[in-house]
Amino acid sequence: MISRPLYLQRYYRVMGDELPAQFLVSRSVGVCFDKEAPLDELWGIHEDAMERFRDKLGNTGSVDELTFCDGTSLLDLKVAIADRILTECHFCERRCGINRRKKETGYCGIEAISRYSAEFMHHGEEPELVPSHTIFFTGCNFSCVYCQNWEISTSPGMGHPVLPGELARTITLRRAYGSRNVNFVTPTPHTHVILKVLNALNKNVPVVWNSNMYYSQEVARLLEGIVDVYLGDFRYGNDECAMRYSNAPDYMKTVTRNFRTAYESGEILLRHLVLPNHIECCTRPIVLWTKENIPKVRFNLMFQYAPHYRAFEFTEINRRLTQDECQKAIAIVKEAGLPDVLL
Ligand code: SF4
């Protein structure tokens, strides 16, 4: 028998239907609220309900022990709050403040309707996740100059519009055919729709939030009680590199804050894509920060960087990694003594 690694313990139990996914526990917490109430009031109710959610999460055994509410639930409340955020969008740290319901668009260019370019059983993710039912949303709140999915990330109007009930049925089918999880890719600008999909889903399945971790504090609060595994990119070890290659202000403050919160409320599979010529300025500080702050994570050092999209405009990253760079990155991780790193 293969022994389970120390990280992602709860994930494995949800995957095996021994424990309920967090979103199902949220659906079992009853909450009374008026959708039209001021946002501050809704957040206050959310705070109280989360206390009950945490109690329940720690004390619930099997999925069968859960009883869904007759009235409105904590997940309904999260949907209502997300819908409100959409009208002065601050799903991510750019905090554009525009009303996406009125077809206004901010930095990501995404309106209120969410679209996805593909959904399938992905066998190319980390071994713990595959087969992973992966749903690729279009548009992005980053603009990485080396983006390998740039056709999708720069075309928010492309793809199939998401109908929550329909996507929930597809997730149920994929689970029946053996998916280990549902994996939402580039999810942050689509938070409102993903919550609705989960509210329509009556199947136990671990939820994977596959993101750049550049979401707002408000979204972090909504994700507790929803996300089982944060599949988070940690790209840059300083703000200058984040601005130069992804045009992302306040990167370090935002991403480290969100990793810390995720560490408290779920499990983390951290991805670090090593960039050419960025071992000392990015790889090393990321490894050291992880070791210092969130040591019990599955840390995936990735070497598959290739210069896509506009990378040719940046000489220092316009090539693949050298053997020497890969060895240096591995040595940094080993020296730091991060546990459970698969290299
Ligand atoms: S998701 Fe982020 S980038 Fe897109 S409109 Fe909202 S705040 Fe702006």
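How many C-beta neighbours does R95 have inside 10 Å, and is R95 buried, exposed or partly exposed? R95 has 14 C-beta neighbours inside 10 Å and counts as partly exposed. The cut-offs are 20 or more other C-beta atoms within 10 Å for buried, 12 or fewer for exposed, and anything in between for partly exposed, with C-beta atoms placed from the backbone.

The model is predicted: local features need pLDDT of at least 70, side-chain atom pairs count only at pLDDT 80 or more, and totals for chains, interfaces and linings use all residues. Residues are numbered from 1 along each chain as its sequence is written.

**View 1**
R95 is found in the loop between α4 (74-86) and β1. Helices (H or I, at least four residues) and strands (E, at least two) are DSSP runs, numbered from the N terminus. Although R95 is not a glycine, its phi is positive, about 45 degrees. L8 is another residue with a positive phi, about 55 degrees, that is not a glycine. L8 lies in the segment before α1 (9-15) and is buried, with 24 other C-beta atoms within 10 Å. The peptide bond that joins V130 and P131 is cis, with omega about -5 degrees. P131 is placed in the loop between β1 and β2. Most residues other than glycine have a negative phi, and most peptide bonds are trans.

**View 1. The shell around the ligand.**
The ligand is surrounded by 13 residues, and the closest are C89, C92, C96, G106 and C108. By class, the shell holds 8 nonpolar, 3 polar and 2 charged residues. Here Ala, Val, Leu, Ile, Met, Phe, Trp, Tyr, Cys and Pro count as nonpolar, Asp, Glu, Lys and Arg as charged, and the others, Gly among them, as polar.

**View 2. The open sheet.**
The sheet is open and has 8 strands in the order β3-β1-β2-β4-β5-β6-β7-β8, with mixed pairing. Its edge strands, β3 and β8 (298-302), each pair on one side only. Two strands pair if DSSP finds at least two bridges between them. Strand β1 (residues 115-122) pairs with β3 (residues 160-161) in the antiparallel sense over 2 bridges; R115 has P161 in β3 as its bridge partner. β1 also pairs with β2 (residues 132-137), in the antiparallel sense over 6 bridges, and the bridge partner of M121 in β2 is H133. The pairing of β7 and β8 is parallel and runs over 5 bridges. L273 stands opposite M302 in β8.

**View 3. Helix α10 and its two sides.**
α10 (residues 251-265) has 15 residues and reaches 21 Å from its first C-alpha to its last, close to the 21 Å expected at 1.5 Å a residue. The expected span is 1.5 Å times one less than the number of residues. Y251, T254, V255, N258, F259 and A262 are the buried residues named in α10. Seen down the axis of α10, these residues fall within an arc of 125 degrees, so they line one face of the helix. The arc is that of the directions from the helix axis to the C-beta atoms. On the other side of α10, K253, R260 and E264 are exposed. The cover over the buried residues of α10 includes α8 (217-223), β6 (229-233), α9 (239-246) and β7 (267-273).

From first C-alpha to last, α11 reaches 20 Å with 15 residues, close to the 21 Å expected at 1.5 Å a residue. C282, T283, I286, V287 and T290 are buried in α11. They line one face of the helix, because seen down its axis they fall within an arc of 110 degrees. The face turned away from the buried side carries the exposed residues E280, E292 and N293. P295 is partly exposed, with 14 other C-beta atoms within 10 Å. P295 and L338 are 43 residues apart in sequence, and their C-alpha atoms are 6.5 Å apart in space.

**View 4. Contacts of F33.**
F33 lies in the loop between α2 (22-27) and α3 (39-59). Leaving aside neighbours within four places in sequence, F33 is in contact (C-beta atoms, placed from the backbone, within 7 Å) with L42, I45, T72, L77 and A80. F33 is partly exposed, with 18 other C-beta atoms within 10 Å.

Definitions and conventions
A residue is near a molecule or strand if its C-beta atom, placed from the backbone, lies within 6 Å of it. Two residues are in contact if their C-beta atoms, placed from the backbone, lie within 7 Å.
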